Structures are given as C-alpha cells and as structure tokens.
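Let's take a walk through this protein together. Have a look at the structure first, and then we'll go through it step by step.

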Amino acid sequence: MADPLMGRQDAAEALGLVAEAAGPYLAALPDLPVRDAAQAHLLKDLDGPLPEDGEGAPAAVAELLRIGTRAATHSSGPRFFHFVVGGSTPAAQAGDWVTSLLDQASGLWLTSPLAARAETVVLRWLRELVGLPESFGGVLTPSATFANLTGLACARHWWAARHGTDVTADGLAGLPRMPVFSSGYVHASDRKALQLLGLGRDSVRTLTRDDAGRIDLDALDRELAAAGPAVVIANAGEVNACDFDPLSDMADLAEEHGAWLHVDGAFGLFAALSPETAHLVRGVERADSVAADGHKWLNVPYESGFVFVKDPSVLGRAFGGWNAPYLPAPDDELVNYNMLGPESSRRARALPIWATLRAYGRSGHRAMVERHRDLAVHLGRTVEESDDLELMAPVTLFVVCFRYRPPGVPEDRLDELNRRLGAELVEDGRVYAGTTVYRGVVALRPAIVNWRTTEADVDLLVEVVREIGGRLLDQ
C-alpha cells in the first residue's frame with residue numbers, strides 16, 4: 001500500500017466496517033462474559049513484524065475488529081464490577097465517534113471554535129448538574145488523576161504565593177515542604193498527583209480516628225493551627241465502601257485556618273444528582289478545587305475527567321504564560337483550554353459529554369444514579385440475608401463490600417479463601433469483581449456503575465461467588 005493519500009477513498013469503507021460490526025457487538029454485549037478465556041489466543045495475532053508494505057485501511061480495520069470484538073475485556077458490559085468503570089451510553093459512544101471523525105485540535109479557540117465552545121457549554125452543564133456555583137472555572141482532563149493533578153497544581157501555586165514565590169516561573173527551590181492533610185480515604189491518584197508536582201507521594205499526612213480511615217477532625221484542627229498555609233484533601237467517596245469525608249466540617253476548618261480545600265470527587269460527586277444521596281456532598285460548593293471523572297458514573301468513554309476551581313484565574317496562572325510568541329495571548333472571551341490545564345494537545349472530549357447530557361438530561365442521569373444505588377441496596381440485602389456471605393460495611397452508594405464466609409471455615413482461613421476467590425472470579429470471566437483489604441480483612445468490593453447493569457447481573461455475581469467459593473472449599 002502506498003502513501004495514505006493514495007488510499008483516501010478507503011475511509012468510508014473502513015468506517016463502515018466499524019459501523020457494521022457495532023450493531024451485533026452491542027446487541028451481544030449484555031450476554032457476553034466479561035472476559036472469554038477461549039478467545040485469548042487471538043491476542044497473538046496483534047503481534048508480528050512492522051509491515052513494510054501495508055495492506056490498506058479496510059483490511060487492517062477488519063483484522064482489528066476480528067480480534068478486538070472477541071478478545072477484548074468487555075468492560076463496557078453490565079457485569080464488569082471491578083474498580084469503578086462505567087460504560088458508554090449510546091449517545092456518549094456516538095459522540096465519541098463524532099470526536100474521532102472531526103479530529104479537532106481542541107486546545108486553542110483558533111484551531112477549533114467548535115471544541116472550545118462545546119467545552120465551555122459542557123463545563124457549565126456539569127457545574128449545574130452537581131450544584132457548584134456558576135463562578136467556578138474549570139477544564140476537562142483525561143481522567144480524575146489529571147483532574148486531581150490540576151486542582152493540586154492550583155493549590156501549589158496558591159501556597160507558594162503565600163510564601164512570596166511564583167512557582168510557575170521559579171519552581172519549588174528554597175520553599176519548605178507544602179503541608180498536605182487528608183483522611184485515610186485519600187486515593188492513590190492524589191498521591192500520584194503530589195508526586196508529579198514534585199511535592200512527594202508520601203507528603204500527605206493522614207489523620208484518622210479508626211481502622212476504616214475516617215478523618216480525625218480534632219487532629220486536623222490542631223495540625224492546621226500549627227501548619228500555616230496548608231492544603232486539605234477531602235474525599236467524596238472512597239473506593240472500598242463508598243464512604244465520604246464530612247465535607248462541610250472540613251470546609252469549616254479550612255476556612256478557619258486559611259487552608260486550601262481540594263475535594264476528590266472522582267465518582268462520588270455525582271451523588272449530588274439524587275435527593276437521596278445529595279447530603280453526602282453537602283459542603284462541596286465551599287471547596288477551592290473539585291476533581292471528578294466522566295468515564296466513571298457519568299458513563300462516557302475513556303478518557304474523560306474534569307476539575308473546577310473556585311478562583312478561575314488560578315488555572316491560568318498555574319498552567320498558562322508560556323512566553324511563546326506563536327501562541328495566542330490569554331483571552332477572557334475566546335478561551336484557550338490548553339492554557340488552563342496540563343495538556344497542550346487535546347482531543348475534543350467535550351463532545352461525548354455534550355451528547356449524553358443533551359440526550360438524557362438531568363432527570364435521566366439522576367434516574368441512573370438512583371437505579372444503581374437501588375441495585376447496590378438489593379445486593380447488600382442479599383448478602384445480609386445469606387448464611388455464607390458477610391457484609392463488611394453499610395451500603396452508602398454503589399459499592400458493596402462483602403466477603404465469602406461459609407459456616408465452619410476458621411477465621412484465619414477466610415482472607416486466603418477470599419483472595420483466591422477474587423482471582424478465580426477474574427479467571428472465570430462471567431463477572432468481574434476485585435478484592436481489597438478493608439479494616440484488616442480481604443473482601444470483595446463490586447462497584448455498580450454501568451448503565452446496562454440490571455438486577456439479574458447483580459444476582460449472577462452472587463451465584464458465581466457461591467459456585468466458585470464452594471469449589472475452592474472442596475479443593
């Protein structure tokens with residue numbers, strides 16, 4: 001195959017192959033195993049030497065579809081309960097196809113007024129959806145990790161300014177260590193953000209009052225009083241049991257001591273959508289920065305995160321001012337989002353979010369949040385009523401933390417039994433659910449966030465857990 005220019009007539013055919021495969025694949029997805037071990041051999045077909053002469057777009061895409069639709073982990077299906085992974089609503093998935101079709105360079109208004117305008121609209125819609133003040137500024141990011149990075153970079157700029165330093169221009173040299181406090185719920189992505197910012201992965205001090213990791217507010221009060229300018233990370237939802245830090249109480253202490261409050265709301269921020277759960281995020285509107293993910297509970301495709309900052313000007317000061325004459329100057333009207341976050345080259349990730357919010361609106365997304373919580377409550381009740389399962393924490397949102405505990409098994413064997421059970425669940429592939437260590441014991445922590453998930457999928461999880469658990473007991 002020659003220069004791609006010579007094959008330009010193949011574009012429609014190649015895209016048509018994807019469209020043709022989409023219908024059958026999506027129709028089968030609810031009944032597919034999460035991972036089919038029988039198809040794993042296909043992965044070797046991806047390998048081989050770099051072709052000297054390519055075979056053309058239609059042939060290459062057909063081969064990718066042949067392998068991918070069979071050997072992929074079907075994490076966009078209804079029974080992927082591992083980690084916190086949403087699917088893609090029909091509107092969001094189609095919006096993502098539009099994103100690839102238009103292939104916009106979304107960082108500058110100059111390169112794509114469409115992408116810049118869509119991002120501005122989407123950020124406003126997201127603020128309204130989760131109840132943040134209109135005055136907050138924001139930017140879309142690839143993930144909650146990048147959203148936390150962005151919010152904490154703004155906190156670092158604010159903190160350095162309190163010490164008379166412009167950290168964007170001059171760096172951290174000569175500054176003391178930035179005090180960072182959180183509960184035991186602090187997520188690995190916050191630590192990674194601190195690491196990337198040169199502040200240290202382990203610089204955050206966790207102040208806890210129990211073995212679950214709940215915040216010790218009295219200790220936080222004392223530490224902030226002694227620390228001077230400091231940063232507090234509050235967690236709107238933690239990964240093991242969906243528990244929440246007391247955001248209002250932490251906001252009170254941050255205001256009293258003049259600290260920056262960053263809220264990691266990767267998935268829990270969407271609790272704001274329902275009157276049944278909105279109390280969990282009460283106080284988030286008082287934060288200085290708020291991070292969240294779209295590819296979790298909003299059910300838009302990877303990669304999709306966002307961050308909001310109370311003082312929008314800090315975003316520009318932390319990420320703009322590149323002193324590059326070929327770039328446009330900052331403009332309050334024609335927003336250049338690559339000057340408000342860590343990315344320069346950015347895809348137009350606003351388009352799938354715009355499509356799903358336009359398609360289903362506030363009420364549709366609220367209904368999805370409430371349905372997932374109802375499914376989690378159903379699973380929690382099933383566990384509580386069982387003589388071979390044990391609920392490890394109250395069901396707050398959509399994670400159900402439980403373990404397999406059949407009668408007669410000694411306590412000192414349960415951790416290993418559940419660890420093996422988690423590994424076997426993944427190997428079996430009918431459902432996916434991972435293990436964690438919660439309050440000192442090994443447990444499962446299925447997360448119900450996919451728009452396709454039904455009660456039958458949740459019941460199948462229990463059935464497979466019991467089936468595999470019983471088999472392990474017989475070994």
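**A walk through the chain**

Cys242 counts as buried, because its relative accessibility is 0% (buried means under 20% relative accessible area, exposed over 50%, and partly exposed in between, with a 1.4 Å probe and protein chains only). Before we go on, a word on what you're looking at: this is a predicted model, where local features need pLDDT of at least 70 and side-chain atom pairs count only at pLDDT 80 or more, while totals for chains, interfaces and linings use all residues. Residues are numbered from 1 along each chain as its sequence is written, and side-chain values use heavy atoms, with hydrogens and water left out.

Back to the cysteines. A disulfide is a covalent bond between the sulfur atoms of two cysteines. How many disulfides does a search of the whole structure find? The search comes up with zero, where a disulfide is a pair of cysteine sulfur atoms within 2.5 Å. For Cys242, the nearest cysteine sulfur belongs to Cys401 and sits 10 Å away, and Cys242 is in no disulfide. Cys154 is buried too, with a relative accessible area of 0%.

Now zoom out. The protein chain has 13 helices and eleven strands; these are DSSP runs numbered from the N terminus, with helices being H or I of at least four residues and strands E of at least two. Its radius of gyration is 24 Å, close to the 23 Å that the globule rule gives for 475 residues, so the chain is as compact as a globular protein of that length. That radius is taken over C-alpha atoms, and the rule is 2.2 Å times the number of residues to the power 0.38. Buried residues make up 51% of the 475 residues.

Most residues other than glycine have a negative phi, and most peptide bonds are trans. Tyr302 and Glu303, however, are joined by a cis peptide bond with omega of about 5°. You'll find Glu303 in the loop between strand S6 (289-293) and strand S7 (305-309).

Phe83 isn't a glycine, yet its phi is positive, near 55°. It is found in the loop between helix H2 (57-71) and helix H3 (90-102). Asp103 also has a positive phi, of about 45°, although it is not a glycine. Its place is the loop between H3 and helix H4 (113-130). Is Asp103 buried or exposed? Asp103 counts as exposed, because its relative accessibility is 62%.
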